[in-house]
Amino acid sequence: MTLPLQNRDREGAEVTYLITFACYGAWLPGQAGAIPVTQNAFGARFPEADAGKEQRARNEMSQEPYVLDATRRQLVLGSLQEVCSCRGWRLLAAHVRTNHVHMVVGAGCKPELVMNAVKAYSSRVLNRVGQDGSKRRRWARHGSTRYLWASAAVSAAIEYVVRGQGEPMALYEMDGAR
């Protein structure tokens, strides 16, 4: 299915995003591949790994890194589907991994609002079923929010989320999304 571009200038018009967020402690400053917000620009070089910086970040953690086992992954995937349905957002694809989540979603609001809502909703679901306890830190602050302006970019993002992550874990793809 080809997804039409939406009017980006009108408030409330649907825009499609690739949203990625990590579990608490999954990616620390100083780790190879970890990109500080201040250096997160298209085409920018990856910063060098810094073992000292990584160890300082690890020492500052108040809890152990959070890992999503098979049960938690399925609960989070279900919560993504539910919150998108309740809010009228179009979930095109999602993949919940052991230490991060990818989703391609169409929404009529800013991607940060989508990301914050799905993190909060997922935590509420995990709390409700007795996973970990309510004081458990599950998610890293913020994440990545990419605007997908063209149908080709949406298709590529869905392909990346569905097939570019290695062995499938908790996976969703909307029928006819690509």
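The model is a predicted one. The chain has 178 residues, of which 41% count as buried. Its secondary structure comes to four helices and five strands.

**Overall layout**

- Read from the N terminus, the elements follow the order β-α-α-β-β-α-β-α-β.
- Among contacts in the chain with a separation of 6 or more, 74% are between residues 24 or more positions apart.

**Helix 2 against helix 3**

- Two packed helices are described by the angle between their axes and the distance between the axes.
- Helix 2 spans residues 70-87 and helix 3 spans residues 111-128; their axes come within 9 Å and cross at roughly 125°.
- The crossing of the two helices is right-handed.
- On the helix 2 side, the contact is made by Arg-72, Leu-75, Val-76, Ser-79, Leu-80, Glu-82, Val-83 and Arg-87.
- On the helix 3 side, the contact is made by Ala-117, Val-118, Tyr-121, Ser-122, Val-125 and Leu-126.
- By residue class, the contact of helix 2 with helix 3 divides into nine nonpolar, two polar and three charged residues.

**Cysteines**

- The structure holds zero disulfides.
- The cysteine sulfur closest to that of Cys-84 belongs to Cys-86 and is 9.5 Å away, which is too far for a bond, because a disulfide needs the two sulfur atoms within 2.5 Å.
- Cys-86 is likewise in no disulfide, its nearest cysteine sulfur being that of Cys-84.
- Cys-84 is buried, at a relative accessible area of 1%, whereas Cys-86 is exposed, at 61%.

**Thr-145 in strand 4**

- Thr-145 lies in strand 4, which covers residues 144-148.
- Thr-145 has a relative accessibility of 18% and so counts as buried, the cut-off being under 20%.
- Leaving aside neighbours within four places in sequence, Thr-145 is in contact with Leu-18, Ile-19, Pro-111, Glu-112 and Met-115.
- Of these partners, Pro-111, Glu-112 and Met-115 have numbers that fall within helix 3, residues 111-128.
- The C-alpha atoms of Thr-145 and Val-114 are separated by 9.5 Å, and the two residues are 31 residues apart along the chain.

- Most residues other than glycine have a negative phi.
- Asp-132 has a phi near 80°, a positive value in a residue other than glycine.
- Asp-132 is located in the loop between helix 3 and strand 4, and at 33% relative accessibility Asp-132 counts as partly exposed.
- His-142 has a phi near 55°, which is also positive in a residue other than glycine.
- The loop between helix 3 and strand 4 holds His-142 as well, and His-142 is partly exposed, with a relative accessible area of 37%.

Note on methods
Residues are numbered from 1 along each chain as its sequence is written. This is a predicted model: local features need pLDDT of at least 70, side-chain atom pairs count only at pLDDT 80 or more; totals for chains, interfaces and linings use all residues. Side-chain values use heavy atoms; hydrogens and water are left out. Axes are lines fitted to C-alpha atoms, for helices over the stretch in contact, and angles run from 0 to 180 degrees between N-to-C directions. A crossing is left-handed if the near helix is turned anticlockwise from the far one by less than a right angle, and right-handed if clockwise. Contact means heavy atoms within 4.5 Å. Ala, Val, Leu, Ile, Met, Phe, Trp, Tyr, Cys and Pro count as nonpolar, Asp, Glu, Lys and Arg as charged, and the others, Gly among them, as polar. Buried means under 20% relative accessible area, exposed over 50%, partly exposed in between (1.4 Å probe, protein chains only).
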